[in-house]
Amino acid sequence: MAFHRTGRRTDRRTGRRTTSWARTKDPRRRDIVTILFRRNPITGRRRIIRVRIIGNARPCLRFLVVGALVNPAVRCLLANGFVIVRSVDNVIVLRRR
C-alpha cells in the first residue's frame, strides 16, 4: 500500500478546500530488503549492521535485526519468495518475486 497525494479539492459537504491523502494499492510496488553487514575477520561470521525494508518482510522480521547473523536472515527471505538482486561487497539487496 502506498500513500499518494491527490491534491487540493473541495469537500462536497462542507465546501472547504482540503488536501486529500488516498491510500491506494500500487501494483508495481515490490517488497525490497537491503542488508548491510560486516564480516568478523577472526571468525568469518557476517553480522548485520543496518537493514532497510521497503514494503513488507514478514515472516522474517525476527532475523532482520542489527547484530544478528546474515545467513539465517537471507535463508528465511529466500524461502519466503525473495530473490537476491545484487550482492556487492558488504551489501545484499533482495526483492520479493
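## Arginine 96 and its surroundings

Aspartate 31 and arginine 96 form a salt bridge, with their closest N and O atoms 2.8 Å apart. Aspartate 31 sits in the loop between strand S2 (17-24) and strand S3 (32-39), while arginine 96 belongs to strand S6, so the pair ties together parts that are 65 residues apart in sequence. Side chains of opposite charge can pair when their charged atoms come close. Please keep in mind that this is a predicted model.

How many salt bridges does a search of the whole structure find? The answer is one. Is aspartate 31 buried or exposed? With a relative accessibility of 18%, aspartate 31 counts as buried, because the cut-off for that label is under 20%.

Leaving aside residues up to four places away in sequence, arginine 96 touches Arg30, Asp31, Asn56, Ala57, Arg58, Asn80, Gly81 and Phe82.

Glycine 81, one of those neighbours, is found in the loop between helix H1 (70-79) and strand S5 (82-88). Its relative accessible area is 24%, so glycine 81 is partly exposed. Which residues does glycine 81 touch, not counting those up to four places away in sequence? They are Arg95, Arg96 and Arg97. For arginine 95, which is 14 residues from glycine 81 along the chain, the C-alpha separation from glycine 81 is 8.3 Å.

Now for the sheet that includes S6. Four strands make up an open sheet in the order S4-S3-S6-S5, and their pairing is antiparallel. At the edges are strand S4 (46-54) and S5, each of which pairs on one side only. On average, neighbouring strands of this sheet are turned by 20° against each other, direction ignored. Between S3 and S6, the antiparallel pairing runs over five bridges. Within that strand pair, isoleucine 32 has arginine 95 of S6 as its bridge partner.

Notes. Residues numbered from 1 in each chain as written. Predicted model: local features only at pLDDT ≥ 70, side-chain atom pairs only at ≥ 80, totals over all residues. Heavy atoms only, no water. Helix = DSSP H or I, 4+ residues; strand = E, 2+ residues; numbered from the N terminus. Buried < 20%, exposed > 50% of the residue type's maximum accessible area, 1.4 Å probe, protein only. Contact = heavy atoms within 4.5 Å. Salt bridge = Lys/Arg side-chain N within 4 Å of Asp/Glu carboxyl O. Pairing = 2+ DSSP bridges. Axes fitted to C-alpha atoms, helices over the stretch in contact; angles between N-to-C directions.
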